[in-house]
Amino acid sequence: MATTAAPAAETATDVTEITDVVVIGAGPAGLTAAYTLAKAGRRVTVIEARNRVGGRTWNGTVLDDRGREHFIEIGGQWISPDQTRLSALVDELGLETFPRYRDGQSVYISPDGTRHTYTGDRLPVSDHTREETEKLIALMDDLAEEVGAETPWAAARAEELDTVAFRTWLHRHSDDREAIDNVSIYVASGMLTKPSYAFSTLQAVLMAASAGSFSNLVDENFILDRRVIGGMQTVSVRLAEKIRELGGRILLETPAHQIDWHDVDPDTADPLNGIPADVRDGVSGNGSSGSVTVHATGPDGEVTVHATDAVLAVPPNLYNRIRFVPPLPREQHIAHQHISMGLVIKVHAVYDTPFWREAGLSGTAFGGGRLVQEVYDNTNYGPYGPDGTTAEDPFGTLVGFVSDVNAEQMWALPEEERRHRILSAMAEYLGPQTMEPVAFYLSDMAAEEWTRGAYATSYDLGGLHRWGHLQNRPTGPVHYACSDIAAEGYQHVDGAVRQGEAAALAVLAAQDAVQHTGQHAGLHAGQGDRQYS
Ligand SMILES: Cc1cc2nc3c(=O)[nH]c(=O)nc-3n(C[C@H](O)[C@H](O)[C@H](O)COP(=O)(O)OP(=O)(O)OC[C@H]3O[C@@H](n4cnc5c(N)ncnc54)[C@H](O)[C@@H]3O)c2cc1C
């Protein structure tokens, strides 16, 4: 499809662009959408608030006290075998992956503080705790199969499951505190990064179903399988290069602050509040190609982008940062207030060597309810061999996670005390050498204005069955895409890729419909001369 694109009208500082599709957010979802559209011959403009692409995937380096740089992945990094859309994209972009190191014994600390080493995927717990753990996992597997990931809000027992906190559900089905704490890790502190009393059983079931089963979630060798050589952000960096090669534009440091998405019918306005009925009750023709204008603030002034369709690819907790003109329908105003980010600190500790391996340890460690509830060997693989050949980094890296209320407590401490407390907790698993990293860094996505938490968003208790059906419904010509509203790959980069592709395909279908009927709704004044052929 060719389009007539009016030349960009520019003043000294302000920029106005006309394009086919405007994408807001240059994370994996937005960039996948833009890439899919650009490959289909559409002109795309991507508007990104940060000074980089990748969103919650971000490569960084930390310096040690001798000035040496160490590579870390501040955000998302692991790929599991079920994440086939991401894996296919990684291949398409010419990237390679490597497996997480997992040879040797793992460590488990039981609730009484006893340290155990073990091999295999079964925690060294009493027979009763094992039976109870397996029972809970089997119940969750059944629910995941029954409910599925696509439309959990439509499941027969959606309301029943969505009005019971996951913690309550676990206690209803088991009296074994250790089993409950360990099963809780896999969804609460380990995934949604909220306390298990703060979200529903339906939300937990969605998390499991999105990974294929609850058994997949509890298997760290499945869920934390491989990493991209060069870091997960490289997926977004490569996507951005491809988009630019195809003529697309990516405007960094340009947060969108307003979306004009619909021409209202003033005759339907409420006599008192002035809000047109066609908006407050939800518009007809959602998802139809029409006219949308995005206003953003760039480094050099205001940026205005006119398009026929938009993809809003930001996490749902940030929708409220954007003014919609006219305002969004009532139900979305309400729904968006019941979606919030979790909180987790990703801990990076770099050592001269992966010393734990010498003790026969894999670096994998768990402790339900402990300050650092999981630890893994996160040693890098990349250009560390002779002459930059690909090899394992001689420095060893551990990654650990401090979740929800523990994370709040840690951020409230002075820096040195926080570091000491976190390293001490990791040392309980892997020994006193853990206390002496050459480099140490805590990922702090909660402090980042354009994310505000980690890993992702979820509904509060009862929210998923009430509003989940709205999350992927376009608003006029505005389509939504984000890992946080994905089915398969929910809260993961794979889900972001699936969402980006789905939004792009929906836009293409809407534009094709316009092409066939020759109609499109509600173009703004001045754009009526756009042609589609
Ligand atoms: C610490 C951490 C660890 C994680 N670990 C994993 C993992 O191991 N494996 C995995 O698969 N996933 C992991 N994730 C999750 C994964 O990173 C996300 O699911 C994924 O990045 C979501 O992609 P997205 O494009 O949907 O959203 P994002 O990556 O959040 O991208 C959204 C983009 O929108 C931009 N934006 C926001 N508001 C505006 C605005 N108003 N105007 C313009 N731009 C805006 C943001 O700056 C951002 O670039 C992790 C996340 C975190 C934080």
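These legends walk through several close-up views of a predicted model. Because this is a prediction, local features are described where pLDDT is at least 70 and side-chain atom pairs where pLDDT is 80 or more, while totals for chains, interfaces and linings use all residues. Residues are numbered from 1 along each chain as its sequence is written, and side-chain values use heavy atoms, with hydrogens and water left out.

**View 1**
Helices (H or I, at least four residues) and strands (E, at least two) are DSSP runs, numbered from the N terminus.

**View 1. Polar atoms facing the ligand.**
Look for R50, where a polar side-chain atom lies 2.9 Å from an oxygen atom of the ligand. A polar backbone atom of A49 is 3.1 Å from a ligand nitrogen atom, and a polar backbone atom of W78 is 2.9 Å from a ligand oxygen atom. On its own the ligand exposes 990 Å², and the protein buries 98% of that; such areas come from the Shrake-Rupley method with a 1.4 Å probe, and for residues only the protein chains shown count as cover.

**View 2. Strand β4 between two parallel partners.**
Strand β4 (residues 44-47) points V44 and V46 one way and T45 and I47 the other way, and all are buried. Buried means under 20% relative accessible area, exposed means over 50%, and partly exposed is in between (1.4 Å probe, protein chains only). Strand β3 (residues 21-24) pairs with β4 in the parallel sense over four bridges, and T45 is the bridge partner of V22. From β3 the chain passes through α1 to β4 in a right-handed β-α-β crossover: with the strands pointing away from the viewer, the path from the first strand over the helix to the second runs clockwise. Strand β12 (residues 249-251) also pairs with β4 in the parallel sense, over three bridges, with T45 opposite R249. Two strands pair if DSSP finds at least two bridges between them.

**View 3. A three-stranded open sheet.**
The strands run in the order β7-β11-β8, and their pairing is antiparallel. Strands β7 (78-79) and β8 (97-99) stand at the edges with a single partner strand each, so one side of each has no neighbour in the sheet. Strand β8 meets β11 (residues 226-228) over three bridges, one of them pairing F98 with R227.

**View 4. The enclosed helix α7.**
Ten of the ten residues of α7 (residues 201-210) are buried, so this helix is largely enclosed by the rest of the structure. At the start of α7, a side-chain oxygen of S200 reaches to within 3.3 Å of the backbone nitrogen of L202. Just after α7, G212 takes a positive phi of about 100°.

Residue S106 sits in strand β9 (residues 105-109) and is buried, at 8% relative accessibility. In the loop between β16 (309-312) and β17 (323-325) you will find N317, whose side chain reaches the backbone oxygen of T451 at 3.0 Å.

Most residues other than glycine have a negative phi, and most peptide bonds are trans. A cis peptide bond joins V325 and P326, with omega about 0°, and another cis bond runs from A454 to Y455, with omega near -5°. Although D404 is not a glycine, its phi is positive, about 35°; D404 belongs to helix α14 (residues 404-411). Likewise Q491, not a glycine, has a positive phi of about 70° and lies in the loop between β27 (478-480) and α17.

How values were computed: A polar contact is a pair of N or O atoms within 3.5 Å; within protein, one must be able to donate a hydrogen and the other to accept it, and residues adjacent in sequence count only if both atoms are side-chain atoms.
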